[in-house]
Amino acid sequence: MSFSDKVLLWLHIAFAIFAIGPLTAVTSYVPRYIRARDLNVLRFLKRAGRLFGSLTLGVFLFGALLGRSDLAKVYLTVSMTLFIVAAVLLVIIDRDMSKALRALENDNPEDDAKVQTGRIAALGGVTSLIWLVILVLMVFNGPGS
């Protein structure tokens, strides 16, 4: 493995740890704070989710650059496809967070954002599982396995 490939691998792993980890934590905390109706924390979680969500693109970018010669391998194709699915789910979670914030800000007791809470929890769980599947694919099929 060349020096540039080692740097790309290091960046890929660093972005995975410092972007995907916090993003997963943020999405798991959102339903709790929707139920608690804590708007300040929800606004913070929304900003944090957008920041870490955009940083996850670094994982994809450095992974694609690292595997540039092996992109036709099945495990990379599956991993990249799952990553794109997870990114779409994160966009849906962000949209539902916006809806929940609007519902909680209008002080209408009938609209307590329960629909968004359930959907965010479910999509966050699915996204977490996708990250784990990608991790398993990378560990058992990636370079050095």
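This is a predicted model: local features need pLDDT of at least 70, side-chain atom pairs count only at pLDDT 80 or more; totals for chains, interfaces and linings use all residues.
Residues are numbered from 1 along each chain as its sequence is written, and side-chain values use heavy atoms, with hydrogens and water left out.

Back to that pair. Helix α1 covers residues 3-35 and helix α4 covers residues 114-141; their axes sit 9 Å apart at an angle of about 160°. Axes here are lines fitted to C-alpha atoms, for helices over the stretch in contact, and angles run from 0 to 180 degrees between N-to-C directions.

Who touches whom? On the α1 side, the residues include I20, L23, V30 and R35, and among their partners in α4 are I120, G124 and W131. Contact means heavy atoms within 4.5 Å. The residues of this α1 and α4 contact split into 8 nonpolar, 5 polar and 1 charged. For that count, Ala, Val, Leu, Ile, Met, Phe, Trp, Tyr, Cys and Pro are nonpolar, Asp, Glu, Lys and Arg are charged, and the others, Gly among them, are polar.

Now look at α3 against α4. Their axes come within 9 Å and cross at roughly 160°, which makes α3 roughly antiparallel to α4. The contact residues here comprise 22 nonpolar, 5 polar and 4 charged. This crossing, too, is left-handed.

Stay on α3 and find S98, which lies in this helix (residues 74-105). S98 counts as buried because its relative accessibility is 17%; the cut-off is under 20% relative accessible area, with over 50% exposed and partly exposed in between (1.4 Å probe, protein chains only). Beyond its neighbours within four places in sequence, S98 is in contact with K46 and R50. With K46, the side chains make a polar contact at 2.7 Å.

Zooming out, the chain has 4 helices and 0 strands, running α-α-α-α along the sequence. The C-alpha trace spans about 60 × 25 × 15 Å along its principal axes. Of the 145 residues, 37% count as buried.

Terms used
Helices (H or I, at least four residues) and strands (E, at least two) are DSSP runs, numbered from the N terminus. A polar contact is a pair of N or O atoms within 3.5 Å; within protein, one must be able to donate a hydrogen and the other to accept it, and residues adjacent in sequence count only if both atoms are side-chain atoms. Angles under 35 degrees count as roughly parallel, over 145 as roughly antiparallel, 65 to 115 as roughly perpendicular and the rest as oblique. A crossing is left-handed if the near helix is turned anticlockwise from the far one by less than a right angle, and right-handed if clockwise.
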